[in-house]
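Have the sequence and the 3D view open as you read.

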Amino acid sequence: MKETTNMNQKRECGVLLPVSSLPSKYGIGCFSKSAYDFVDALKEAGQSCWQILPLGPTSYGDSPYQSFSTFAGNPYFISLEDLIEEGVLTKKECDRADFGKNKTSIDYAKIYKSRTTLLRKAYERSKISENPDFVEFQQKEGWWLKDYALFMAVKERFDGEPWSEWAEDIRFRWQNALDYYRRELYFDIEFQEYMQFKFYEQWKKLKAYANKKGIRIIGDIPIYVAMDSADTWASPWLFKLDEKNQPTQVAGCPPDGFSATGQLWGNPLYNWEIHRQSGFDWWVKRIEHCFSMYDIVRIDHFRGFDEYYAIPFGDKTAENGWWEKGPGMDLFRAISNRLGEREIIAEDLGFMTDSVIKLVEDSGYPNMKVIEFAFDERDTGNASDYLPHNYPRNCVVYTGTHDNETLVGWFKDIAPGEQKQVREYLNNFHDSDKEIYKDIICLVMRSVANLCIIPLQDYLGLGNDARINKPSTLGCNWKWRMTEGQFSKELRAEMRALAKRYGRLNTKGV
């Protein structure tokens with residue numbers, strides 16, 4: 001018997017697109033009118049879901065999976081147009097700022113400098129302390145907001161250094177140091193709180209609009225938090241840190257056919273025994289917070305709850321790691337007991353042991369199928385699980401995720417033998433390599449999977465210049481942006497026809 005029953009049984013489809021990839025006037029996708037236009041386009045295209053990437057504030061490398069907080073929102077997504085309407089910024093100031101000239105790529109260095117400067121001006125003109133809604137937000141979210149705002153203000157004081165390099169008194173959170181910095185950095189702290197207030201105010205308005213249109217938001221959370229985060233600084237006992245608050249072990253993946261040295265992520269590992277003793281209170285609060293933001297939550301690296309890979313801190317590769325047991329169903333029972341049944345997607349990609357398979361089955365959560373994995377000659381174990389004729393209904397099928405090549409780029413790059421497998425499976429030997437992506441989209445749309453999610457780049461038929469992320473690389477990721485008009489009326493009509501043809505049409509909303 002399943003522990004939980006997840007996801008409704010209706011056939012649905014949706015689009016994967018990071019908020020950052022939306023078209024917008026000021027350098028990065030955000031909660032501006034373009035986001036509302038995108039929701040309207042999804043509705044017109046017959047879609048039911050919009051899957052995004054984590055919304056947390058990003059750190060070095062710009063990855064949404066390495067955030068300064070698991071609870072805070074990314075200030076980059078605050079709509080400057082809304083602040084102009086409020087009268088705390090002028091259009092001239094925003095137009096004059098340098099966000100970079102390339103409308104298809106995000107220049108994070110310029111975004112960081114320009115947006116922070118503008119948001120500070122907006123804060124200083126806002127008289128925010130007199131706003132009763134802001135005061136209520138401070139009180140309601142204070143359980144995470146106070147530590148986060150102080151963390152970011154102190155980090156700024158120490159020129160962006162990771163908290164493990166701060167002065168000893170504030171690094172160890174001695175009370176006299178906490179009191180001192182809260183007085184000394186009062187306005188810097190309030191500025192951080194202001195940005196969080198605006199982020200959540202704007203995001204909840206956008207989400208409500210999407211829900212009214214019958215579009216549900218699928219959020220995404222990493223299993224781990226960043227070492228340089230307010231989470232580890234404020235609650236070091238929840239992680240495997242030593243007496244100097246340095247990690248003893250860090251997260252990653254072992255060597256496999258995709259990487260000879262494995263993947264060294266570097267995140268601190270959880271002290272699961274401490275979490276267990278508290279009834280998994282921190283995790284329950286984390287999931288509850290996620291469901292205040294999203295309708296459905298995808299948990300990244302789900303297999304880490306069964307067994308997680310531990311790598312000695314200081315190692316340069318993941319080759320010397322080992323497996324340890326995770327919390328298993330105890331965690332998900334605690335979540336269910338405290339929060340009731342919630343819609344969660346288990347990201348179970350990668351090598352699957354019998355115990356991981358059992359954990360997914362026991363949880364009742366739908367797992368993920370990625371069609372690009374079905375034809376990989378390097379994967380001799382799991383490839384057939386990704387072929388549509390083997391899918392269960394309780395799963396979510398993707399053409400690819402944010403970590404994969406686009407369909408067009410993938411088909412171009414795979415080996416001739418793999419291309420032959422694809423064509424044989426599709427029984428299609430006549431379409432050109434550039435057009436076969438349409439047949440692959442149809443393949444996953446007509447599968448039995450209850451939910452089908454397709455990256456917008458695949459619907460657009462774009463190559464790997466539109467890829468979101470290439471794992472284990474730095475400098476070229478998380479930058480792609482859609483341009484105005486790219487999500488055309490013609491494409492929306494095609495997507496709607498597909499959704500209707502395969503029984504996935506959204507008929508909800510206004």
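This is a predicted model: local features need pLDDT of at least 70, side-chain atom pairs count only at pLDDT 80 or more; totals for chains, interfaces and linings use all residues.

A residue is called buried when its relative accessible area is under 20%, exposed when it is over 50%, and partly exposed in between, with a 1.4 Å probe and protein chains only as cover. Residues are numbered from 1 along each chain as its sequence is written, and side-chain values use heavy atoms, with hydrogens and water left out.

Asp 37 has a charged partner. Its side chain meets that of Lys 33 in a salt bridge, at 3.0 Å from N to O; the term stands for a side-chain nitrogen of Lys or Arg within 4 Å of a carboxyl oxygen of Asp or Glu. Because the two residues are four apart in helix H1, about one helical turn separates Asp 37 from Lys 33. Helices here are DSSP runs of H or I with at least four residues, strands are runs of E with at least two, and both are numbered from the N terminus. Lys 33 is exposed, since its relative accessible area is 59%.

Helix H1 also takes part in a pairing across the sequence. Glu 44 forms a salt bridge with Arg 492, and their closest N and O atoms are 2.9 Å apart. Glu 44 belongs to helix H1 and Arg 492 to helix H19 (residues 489-501), so this pair ties together parts that are 448 residues apart in sequence. Arg 492 is buried, because its relative accessible area is 17%, whereas Glu 44 is partly exposed at 32%.

How many salt bridges does a search of the whole structure find? The total is 32. One joins Asp 95 and Lys 25, at 3.3 Å from N to O. This pair links distant parts of the chain, 70 residues apart: Asp 95 is in helix H3 (residues 91-96), and Lys 25 is in the loop between strand S1 (12-16) and helix H1 (33-44). Asp 95 is partly exposed at 38% relative accessibility, and so is Lys 25 at 48%. Elsewhere, salt bridges link Glu 12, Arg 216 and Glu 343 in a network.

Where does Val 422 sit? You will find Val 422 in helix H16 (residues 416-426), and it is buried because its relative accessible area is 1%. Leaving out residues up to four places away in sequence, Val 422 touches Phe 375, Trp 410, Phe 411, Ile 414 and Ile 440, where contact means heavy atoms within 4.5 Å. Val 422 and Phe 375 are 47 residues apart in sequence, yet their C-alpha atoms are 6.8 Å apart in space.

Arg 303 lies in the loop between strand S6 (296-299) and strand S7 (307-312). Is Arg 303 buried or exposed? With 6% relative accessibility, Arg 303 counts as buried. Beyond its neighbours within four places in sequence, Arg 303 is in contact with Trp 323, Glu 347, Phe 351, Thr 353 and Val 356.

Finally, look at Glu 165, in the loop between helix H6 (142-157) and helix H7 (168-171). Glu 165 counts as exposed, because its relative accessibility is 53%.
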